[in-house]
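Try each one before you read its solution.

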Amino acid sequence: MADKDEAEMMERSTEEEQEAGLEWLLRKDSFESTPVPMDTNVSRLFSSPVDSFYSNTFTRERIFKAASSGDAAQLHCLLDFLRLKKKTLTSPEFIDETNGKTALLKALLNLKDGKNDVVEVLLDIAEKMGDLEKLINASYCDPYYNGQTALHVAIERRSFEHVKLLVQKGADVQAKANGKFFQRKAELGFYFGELPLSLAACTNQPDIVSFLIENPHRRTDLTDKDSQGNTVLHTLVIIADDEIANTEIISEMYDHILIHHNKIDRTVQLEEIENNQGLTPLKLAAKLGKLELFKHMLHREFMDEETRPLSRKFTEWVYGPVHSSLYDLTSIDTNEKNSVLEIIVFGSETPGYQQFCPRLYDTHEGLNTYPITTSQMNRPEMLQIEPLQSLLLNKWDRFASKLFLMNFLVYLIYLIIFTMVTFSRKDGQPPFPIDNIPMDYLRCVGELISVLGAVRILYKTIMLFHKNPPNFKALFIDGFSEILFFLQALLLLTCAVLYFCGRREYVGLLVLSLALAWINVLYYLRGSKQLGIYSVMMQRMILRDLLHFLCVYAVLLFGFSAAIVALMYDSPQDQNKQTDNSPPRGRSFGPEVFKCEKPSYNDIRFTTLELFKFTIGMGDLEFTDQVQYRTVFYILLITYIMLTYILMLNMLIALMGNTVERISTQSENIWNLQRAFTILDMERSLPRWLRKKLLSRMSKIICSRNETDKQRQFFRVVEMNWRRWRSDLGVTQEEEPKYGHMAPPSLNIHSRTGWNLGHLMERIRSRRRLLQPPSNA
């Protein structure tokens, strides 16, 4: 019996050792997979020896319980206890060792109707103990909520009164919550820019935003950045989407912050601050495809005289439905590095994450969460926004269309030379010597031109791939012309290598390159609107409908081919013929005898080809007799014909027709994007001095300078809007009796606001007076 008890004790101790040995591994996995809750009211099952010793005094659990319940009476005599023990509320005994949470954070996390009497009690005790600033600015220290302070929690709980109280008591308005929960690409979390101001802005609390900017205690720095270099404006761009409610809230908050910053500091342009990726808020909106917010930023127009310099659009004159506007080209045109046009045309970010934005709307139902996703298909639509549309059209009309036509003619001449070289190639073992005849010299010159052209095409496509790496999703918008050009050049250069190595296989690569060269003529269809839209539809149907059809069809073709080949067997006559020493039968051509054999279904290649012929209606109905189960063979063949020839082909035709109807409007936008790609690509190829010369000759661009002699360019756009008639422009209209027409509204902005456009507009009006014919009256 004793031996049995001893054995049980040894077995129990062994199990305990094994559990203790694996405890660290289990604890690590649990910590990495599930974040520690920010706050919990569940009591611990076991108390530490310190808690048991002070069971009748103030412990951390007792203070946290009072903070969560909001019962300030439970903290009676806490100040005396702290003085007696020479402790503070930030002592280790009163802080949660798992995440660094203090009693103040616990109280703010448990507000009831925006109130908790324990908060004032804790602040009063900390102030009397000389530990007020440390308690207010104490933050979480765990990886998920690291850096979150009481001010962050008060803002998230939408408690304006507690925010004012904390700031008055010395809260750090620049504290950064940079835990995993607050990172941009967190699976579960909310990115708000780490700073308290960004959190208030992203959760739609304009009163708190105004207080943090203008309070007399500690004003927040609007130019401060988070760990990713994003300011509050960058953060608003990131959380925006194309929903109507979200766009309205984010746009109002964006303008609200700009106006407040303009009142405080006019020397720093908040919208020109770049993040770690070198992107301003406008460029970030373009890169992330924030269509509605991007449109608002470009069309922002303030009527108030003090805030008009913040506008990116100035209404020049209005007559009925006709509006003439000046758009600010700062960060938009290609004369600046990493411009908005280049970001949109050469590719935007494809977001692969979803973010949850709690409390973006102030509702009475409680927490309002919804996923925010950004569209990667907004690039064509973004180019339809003014002034981008008119700017690209102006570039096309002034120089790009001429260069495009010139490039097309040069490529056509190159293609004709390449075709003639291919037709006049020599037969035999390469490389071939050059004969002393004119035609052979011309052939060699043509071959040299073809190879040099391939080198240029290969270099150009590699540079394009380096600047804008191709991916499958981008093919639906950008097309695959560059990939075909790359394959054409690569095949021709490989053909040249095989030619000089003496390989006759160079002919196969040569003809493939020639076929691709003629297919690439379709690239130049984008110069015409009708043909360009037709080309876009072809690309969309190839990449979507036809590709899906081929994937399913390949499975059916190979499966039925393998099944039919498995039914075949070699006939006894064929086996006897193989053992017979007599010469095979066949047509005789002189002394040699050839054997003429017809392929049969026991060859997988022949079977696949014959089944493919059945798909396009060209199959041979003379079935083979070398089949074990003829009924099964007929069933397989008829089933294959029904699935492919009858069902799949007709389904493909129907899908293509549906695609044409569905993407007719979208195809036009994609064509505009592809043409914009061509415009900017040709503009890049021009010398810098020529680009500046072309830009200076653009009559629709107007320049102005501010007090710091910084140039600001505007682009004039005349729009026709039948839904918007003449309205108050925010300036005084003055009629000129001499000419009998309304003068364009003055954009004169006082010098104290930073920009002075009065001289510019006066020059515009004087030029119109010169162009206006004098009245006969």
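**Exercise 1. Find the handedness of the crossing of α13 and α15, then describe their packing.**

Solution. Step one: the crossing of α13 and α15 is right-handed, where right-handed means that the near helix is turned clockwise from the far one by less than a right angle, and left-handed anticlockwise. Step two: α13 covers residues 244-264 and α15 residues 291-298, and the two pack at about 35 degrees with axes 10 Å apart. Axes are lines fitted to C-alpha atoms over the stretch in contact, with angles from 0 to 180 degrees between N-to-C directions. Helices here are DSSP runs of H or I with at least four residues, strands are runs of E with at least two, and both are numbered from the N terminus.

This is a predicted model, in which local features need pLDDT of at least 70 and side-chain atom pairs count only at pLDDT 80 or more, while totals for chains, interfaces and linings use all residues. Residues are numbered from 1 along each chain as its sequence is written, and side-chain values use heavy atoms, without hydrogens and water.

**Exercise 2. Which residues of α13 and α15 make the contact?**

Solution. From α13 come Thr247, Ile250, Ser251, Tyr254 and Asp255, and from α15 come Glu292, Leu293, His296 and Met297 (contact: heavy atoms within 4.5 Å).

**Exercise 3. Is Glu386 buried or exposed, and what surrounds it?**

Solution. Step one: locate Glu386 in the loop between α17 (379-382) and α18 (388-423). Step two: Glu386 is buried because its relative accessibility is 12% (buried is under 20%, exposed over 50%, partly exposed in between, with a 1.4 Å probe and protein chains only). Step three: beyond four places in sequence, Glu386 touches Leu298, His299, Tyr327, Val717 and Glu719. Val717 is 331 residues away from Glu386 in sequence, yet their C-alpha atoms are 7.8 Å apart.

**Exercise 4. Where is Ser68 placed, and which backbone oxygen lies 2.9 Å from a polar atom of its side chain?**

Solution. Step one: Ser68 sits in helix α3, residues 60-69. Step two: with a relative accessible area of 13%, Ser68 is buried. Step three: the backbone oxygen in question belongs to Lys65.

Methods:
Polar contact = N/O pair within 3.5 Å; in protein donor to acceptor, adjacent residues only side chain to side chain.
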